[in-house]
Amino acid sequence: MFVRGLKRKCFDGEEDIEGTLAGIKAIPSYNLQRQSLLDMSLVKLQLCHMLVEPNLCRSVLIANTVRQIQEEMTQDGTWQMINTQSTGQASLDRLVSTDILCRSSRDQAEGKHVSAYGTFNKDFESDQAQDSSETMSTASSVQAPRNLQSNVWEMENPQENKGNFQKSLDQIFETLENKSPNSVEDLFSEVENSYYDLDTMLTGMMSNTKMGHCDSLETFSSPTNTASNSNCKSDLNDLDHIVEILVES
Amino acid sequence: FLAGFGSLMQDVLWCFSQVKGTIDTGVTESDIISTVEFNHTGELLATGDKGGRVVIFQREQESKNQPHRRGEYNVYSTFQSHEPEFDYLKSLEIEEKINKIRWLPQQNAAYFLLSTNDKTVKLWKVSERDKRPEGYNLKDEDGRLRDPSMITVLRVPVLRPMDLMVEATPRRVFANAHTYHINSISVNSDYETYMSADDLRINLWNFEITNQSFNIVDIKPANMEELTEVITAAEFHPHHCNTFVYSSSKGTIRLCDMRAAALCDRHAKFFEEPEDPSNRSFFSEIISSISDVKFSHSGRYIMTRDYLTVKVWDLNMENRPIETYQVHDYLRSKLCSLYENDCIFDKFECVWNGSDSVIMTGSYNNFFRMFDRNTKRDVTLEASRENSKPRAILKPRKVCVGGKRRKDEISVDSLDFSKKILHTAWHPSENIIAVAATNNLYIFQDKIN
């Protein structure tokens, strides 16, 4: 179940390649791992939107994690416009090992409170639809649904820096609402396969065997590739190009 | 006999006593046990499951003929407490899973317990019937009405013995008071009121009144976008009927006094341990989320369970716990994987023994852990069918963290994360524990000499 092999932090674009019995492994950078964690968290938020009724505690904890990552990335200056297309289809295919993130990380400066996660709080909002009376002594058991402020998160315009991020989250939930039952199956089957992919990827990362996973590197690495289709598989030339970019960065 | 009351860990050898549930390798989802609770005397042991059923076991009287069968627990009553429901407004199902059971102290021949699912709390009366009235005038033995004009003689109905029947009847249904999922219920020491807590609110009920409740805690922000913290557990003080605590997903505990105000949004005490900056990671908050909070029997301490530790707090010291016990620290380097497979969100419970000297909590691979607060010793035991020979002594287990694995040790990577012990219970005065392992209930007792 757990990742095997050694992984070390990537500094200044140099990569420590550790030879082991399993083959040549490469070490994903901290940034890449952090991005992967962000993607994973977004997928989880999608999934919990699909459940019977989302576990609020879990949703809040995941959302807080997303917020933390975003804060750190904003401070790093690595926060980029997240391609809406790819985020909407964020899948576990693109995950890398996030072992490094389990270790104590660099200091996180006190960030300003990041509010306005309007869109993914939609499922929190929808609970207001039936806010039954928690009453003081004289009230009866009549339920008094509050006026649904259904437009509150739509109307609230995403602030500048968060515009695309929110928009992508928005898309996630719109997409989910329109999903037919069949696509729910697809979403889950996607997830299932991805666990195996993750395994293979972690043992063969950056070797030329598993090219489909270069998508994450594509999206991450450059603004020039913002229109990338997350599902298209790179060919060998693109892979070389990407490795080049990473090594230079 | 009060075996082991206050005894130290080194004197206690735990033995297998019983296991309830099927041996089949495939687990029916609805059979998964979701709560376990002894009543106040330990005579009864109740379990709730995902299918909404409650099973109550009763301890048999000790027999001089079979002293080694020290009061086994046998099924006393089984009933369907909650049914699945559908919320038409939200188009969502309401699960019938029993989240918690709490017993009321016994005040007459009948037993009373509270059971709750995500939305509705019910008060059940469990009573015995061993006599039946016979000889009514207006109806015959089958219950059919007799023609009054055919009655020529009057008689007095008499009670005749019958086979013992245990019946459970719902006496109260406390519904429509929770928008969010109920995670805790707690009976007040006044035995007249109880509280139910969901993710954002806590309500106070009177047992006699089902159509009203008082809202005593509300942490729902005016703007839901600002929601960053939820209530995870709540409990009344065992002696002071005005005092209760609730824990949060940020690892804090608030103690509230209901005498201070009607709405207890201002805490009387706030318990939080300062974060260790060297251990900070993206998962710090998630693993600090408290999954269970329990007062000691004495009322002097509270115990909290977060993902990796159990902590004991002195009510008089808010700035840090007085004791911290590592449950499975070897998981600290695996948090990312545990986040990915959602195990990091598992909610483990914790319990005190009768004398507050030993605490117990569950882990993975069907392991559970006990910590002796006095000797600082701890032990890891396993609930498994292999150790299920009658009165077999449980062998301590050990997880090997790296390097050479000794014989009988198990490596971290071999742990089965689908076998989790979330719910355990400790008899109020004896060394008898009930451990729920998915769909099986294990009962262990200490060794009789």
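The predicted model scores ipTM 0.91 and pTM 0.73. Confidence was examined chain by chain. Chain B averages a pLDDT of 92, and 96% of its residues score at least 70. In chain B, pLDDT stays under 50 over residues 1-8, a stretch for which the model has 22 contacts beyond four places in sequence. Chain A averages a pLDDT of 50, with 18% of the residues scoring at least 70. Among the elements of chain A, helix 2 has the highest mean pLDDT, 93, while helix 6 (residues 152-155) has the lowest, 28. Over residues 83-95 of chain A, pLDDT stays under 50, and the model has 42 contacts beyond four places in sequence for this segment. The pLDDT is also below 50 over residues 104-234 of chain A, a stretch that has 226 contacts in the model beyond near neighbours in sequence.

Two sheets of chain B are considered next. In one open sheet, 4 strands of chain B are arranged in the order 1-32-31-30, with antiparallel pairing. Strand 1 (14-20) and strand 30 (423-426) of chain B each have a single partner strand and stand at the edges, so one side of each is left without a neighbour in the sheet. On average, neighbouring strands of this sheet are turned by 20° against each other, direction ignored. Strand 1 of chain B runs antiparallel to strand 32 (residues 440-446) of chain B, and 6 bridges join the two. Within chain B, B:Lys20 stands opposite B:Leu441, which belongs to strand 32.

Another open sheet of 4 strands in chain B has the order 12-13-14-15, and its pairing is antiparallel. Here strand 12 (184-187) and strand 15 (214-218) of chain B are the edge strands, each pairing on one side only. Strand 14 (residues 201-206) of chain B is joined to strand 15 of chain B by 4 bridges, and the two run antiparallel. B:Asn203 stands opposite B:Asn215 in strand 15 of chain B.

The structure holds 9 cavities of 30 Å³ or more, and the largest cavity has a volume of about 120 Å³. This largest cavity is lined by 14 residues, of which B:Ser289, B:Ile344, B:Phe345, B:Asp346 and B:Lys347 are the closest to its centre. By class, its lining comprises 7 nonpolar, 3 polar and 4 charged residues. Helix 2 (residues 56-76) of chain A contributes the largest share of the lining, 3 residues. Helix 2 is also the element of chain A with the highest mean pLDDT.

One residue of chain B, B:Lys420, was examined for its surroundings. Excluding residues up to four places away in sequence, B:Lys420 touches B:Cys343, B:Asp346, B:Phe348, B:Ser363, B:Tyr364, B:Asn366, B:Ala436 and B:Thr438. The C-alpha atoms of B:Lys420 and B:Asp346 are 8.7 Å apart in space, although the two residues are 74 residues apart in sequence. B:Asp346 is also one of the residues closest to the centre of the largest cavity.

Note on methods
Residues are numbered from 1 along each chain as its sequence is written. Chains are lettered from A and ligands numbered from 1 in the order in which they are written. This is a predicted model: local features need pLDDT of at least 70, side-chain atom pairs count only at pLDDT 80 or more; totals for chains, interfaces and linings use all residues. Side-chain values use heavy atoms; hydrogens and water are left out. Two strands pair if DSSP finds at least two bridges between them. Axes are lines fitted to C-alpha atoms, for helices over the stretch in contact, and angles run from 0 to 180 degrees between N-to-C directions. pLDDT is the predictor's confidence in each residue, from 0 to 100. Contact means heavy atoms within 4.5 Å. On a 1 Å grid over the protein atoms alone, a cavity is a set of points where a 1.4 Å probe fits but cannot get out, and a pocket is an open set with protein on both sides within 12 Å along at least five of seven lines; lining residues have an atom within 4 Å of a point. Grid points are joined across faces, edges and corners, and a volume is the space filled by probe spheres set on the points. Ala, Val, Leu, Ile, Met, Phe, Trp, Tyr, Cys and Pro count as nonpolar, Asp, Glu, Lys and Arg as charged, and the others, Gly among them, as polar.
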